[in-house]
Amino acid sequence: MAYTCETPNQVLKVIKDDEIAMVDLRFTDLPGLWQHFSVPPTALDQDSFTDGVGFDGSSIRGFQEIQESDMLVVPDPTTAFLDPFTEARTLVLICNVMDPVSGLPYGRDPRHIAHKAEAYLASTGIGDTAYLGPELEHFVFNEVSYDQGTNYGYYELDALEANWNAKRSDGPNLGHKLRPKEGYFPVPPADALQDVRTSMVLTLEEIGISVEAHHHEVATGGQGEIDMRFTTLKRMADNVMIYKYVVKNVAHERGMTATFMPKPLFGDNGSGMHVHQSLWKQERPLFAGEGYAGSSDLMRYYIGGLLRHAPALLALCAPTVNSYRRLVPGFEAPVNLGYSARNRSAACRIPMYSTGPKSKRVEFRCPDPSCNPYLAFAAMLLAGLDGIQNRIDPGEPLDKNLYDLPPQERAKVPSTPGSLDQALDALEADHAFLVKGDVFTTEVIETYLDYKRAHEIDEIRMRPHPYEFVLYYDV
C-alpha cells in the first residue's frame, strides 16, 4: 500500500489507524545494498524524526570504524509504504544517516550525497530539477548453486525457459526454449516469465511507483526489464532500491531467484541500466532546441560532460569487476563513447519516440544495475553540469552502427574502460567535477576507492573465477 505522508504526525497516525505491527527502518550502504532493522511502533515517536534512532555503523560496508560505531538513522516521512511481503503489517521508512556527535548528516550516506546533488543543481542557476528514468534489467533463475573451497570453485544456474534445457528429460519437455540473444520480445510460452513480471509491476504500483512497461530482454534464461516512470533524482534512487527489493521478493515467493548481477551468463547479453535524464527550470524543459535531433546547446554540453568524464563515472555507474564482463564489444554493450539519435551502439542516445519538448532527454547507456543509484545518479548529474559550465563539445554525432566500423575507424572512437581497475584509476585522476558544491567529498571518494580495491578487486585476484559470482550475485 502506498501512503502520501509529509510529516511525522501523519506517519504516526498511519501507524495507529492501520494497526501497524512493526516499523522497518532502511538505509543504503556505500556499495549500494539496502540495510535495515526493525522497531515496534512504541519505539517510534515524533522525536525519532529529528533526533534519529541509534544503530551500529561499524558493521556497515564503507561506514564507520569500530571505535566510532554509534550512528543514527532519521526516517523520511515521505518514503512510507506498507511492506507487501511481511506476515505482520510492517511499515517501511527510508532513512537518512546522521552522525550523533556532530548532529549533522553523515558524509558517507549515499542518500545525503544525492540530496546535495539536487541542491547543487539549484545553486548553479542552470536548472532546478533533474529528472531520471533508469531501465533496470535483471535475470530470474529457477535454481542457483555455488561454492568456493581451497581446492575448487563453481557456480551453476538454471532457467527452465533457457536454450540449454532443450534436451531435458526429467519431466515433460514442451520445447519453446529461447535461443541465445533471441529473448526480445517473444510472447508466451517462449516468454515463461510474463506472469512473474506482471506480479512485480502490480506490486510496485501498489506501493506507489508508476511503471511504464515490462518485457522479456534479449538474453535467454530469464532476462527481463521493468521500466519505471521518470521522477526526481533522489526519489528515483529510492524507487530503484524499492524496485530491486520487489523483484527479488516476488521471485522468491514463486520459488525462483532474481539477480541484478551485470553478467551472470557467459556468451549472452548482460544486464544494463540505461539512464534517461533531463534538466528543467521553472517547469520548462531545457534539453529541447533546434539543434541535432531536436537538442539544445545546453543538452549537447551536458552530453559532452557525460562523455568527457565517462571513464571516471563508470567507477560509480558500473562498479563491479563483473560489470566489465558486460562492457565488451558485441552483446549490444555500449562501449563506444559517442552520441547519436536512436543509435543503441553509442554510449549516449537521444531517443526519438516523440518530438515534444517535454520528452527531450539523453539516455546514458553505460551504467548497470549493480551500482549504488544515489551515487550513480548524483555523479551523472555533476558530469553533465560540468559539461554545461565548461561548454564541453561532444563532437559530431555518430549515426552509424559503431560495432560494424572498419578497425581503423573504430580506433578513432574512444572506448569505456576495460576493467574496474581502469575505471577506479580514472576516478582517482578525474574527480574535481564531483566535489563541486561539496556533493562528493574527497574523503568519500578515497573511502570508495579503498573499499573497492581492498574488498573486491584484491579478493577476486586471490580466488578463482567463481568467487566473482559469489561476490556479486546478490547485488
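The model is predicted. Keep that in mind throughout.

## The largest pocket

Start with the open space. The largest pocket holds about 770 Å³. Its lining counts 39 residues. Glu135, Glu225, His276, Arg349 and Glu363 are the lining residues that lie nearest the centre of the pocket.

Which strands supply the lining? Strands β7 (129–141), β10 (211–216), β11 (223–228) and β14 each give at least two residues to it. The biggest share comes from β7, which contributes six residues.

In an unreviewed entry, UniProt places the feature "binding site" at Glu212, His276, Gln277, Ser278, Arg344 and Lys358. Of these residues, Glu212, His276, Gln277, Ser278, Arg344 and Lys358 are included in the lining of the largest pocket. The unreviewed entry in UniProt also puts a "binding site" feature at Glu135.

Glutamate 135 sits in strand β7. Is this residue buried or exposed? Glutamate 135 has a relative accessibility of 16%, so it counts as buried, because the cut-off for buried is under 20%. Setting aside neighbours within four places in sequence, glutamate 135 is in contact with Glu225, Asp227, Gly272, Met273, His274, His276 and Glu363. Among these partners, Glu225, His276 and Glu363 also belong to the group nearest the pocket centre.

Serine 278 belongs to strand β14, which runs over residues 273–281. Its relative accessible area is 8%, so serine 278 is buried. Which residues does serine 278 touch, not counting those up to four places away in sequence? They are Thr129, Ala130, Tyr131, Phe287, Lys360 and Arg361.

Arginine 344 is in a loop, between β16 (339–341) and β17 (348–350). It counts as partly exposed, because its relative accessibility is 37%.

## Glutamine 223

Glutamine 223 is part of strand β11. With a relative accessibility of 1%, glutamine 223 counts as buried.

Its side chain has polar partners. A polar atom of the glutamine 223 side chain lies 2.8 Å from the backbone nitrogen of alanine 219. The glutamine 223 side chain also makes a polar contact with the side chain of serine 271, at 3.3 Å.

Beyond residues up to four places away in sequence, glutamine 223 touches a list of residues that includes Glu137, His138, Phe139, Glu161 and His216. Asn269, Gly270 and Ser271 are also among the residues it touches.

Helix α5 covers residues 233–253. Helix α5 is mostly covered, with 17 of its 21 residues buried. After α5 comes glycine 255, which has a positive phi near 75°.

Helix α9 covers residues 373–389 and has 17 residues. From first C-alpha to last, α9 reaches 24 Å, close to the 24 Å expected at 1.5 Å a residue. This helix is also mostly covered: 16 of its 17 residues are buried.

What caps the N-terminal end of α9? Asparagine 372 does, with a side-chain oxygen 3.1 Å from the backbone nitrogen of tyrosine 374. Just after α9, arginine 391 has a positive phi of about 50°.

## Backbone details

| Cis peptide bond | Omega |
|---|---|
| Tyrosine 184 – phenylalanine 185 | about -5° |
| Proline 188 – proline 189 | about 10° |

Phenylalanine 185 is in the loop between β9 (153–158) and α4 (194–207). Proline 189 is also in the loop between β9 and α4.

Glutamate 283 has a phi of about 65°. It is in the loop between β14 and β15 (284–285). Its relative accessibility is 74%, so glutamate 283 counts as exposed.

Alanine 293 has a positive phi of about 55°. Its place is in the loop between β15 and α6 (297–308). Is alanine 293 buried or exposed? It is buried, because its relative accessible area is 15%.

Definitions and conventions
Residues numbered from 1 in each chain as written. Predicted model: local features only at pLDDT ≥ 70, side-chain atom pairs only at ≥ 80, totals over all residues. Heavy atoms only, no water. UniProt positions renumbered as here; feature names shortened; annotations may be inferred. 1 Å grid on protein atoms, 1.4 Å probe; cavity = no way out; pocket = protein on both sides within 12 Å on 5 of 7 lines; lining within 4 Å. Helix = DSSP H or I, 4+ residues; strand = E, 2+ residues; numbered from the N terminus. Buried < 20%, exposed > 50% of the residue type's maximum accessible area, 1.4 Å probe, protein only. Contact = heavy atoms within 4.5 Å. Expected span 1.5 Å × (residues − 1). Polar contact = N/O pair within 3.5 Å; in protein donor to acceptor, adjacent residues only side chain to side chain. Points joined across faces, edges and corners; volume = space filled by probe spheres on them.
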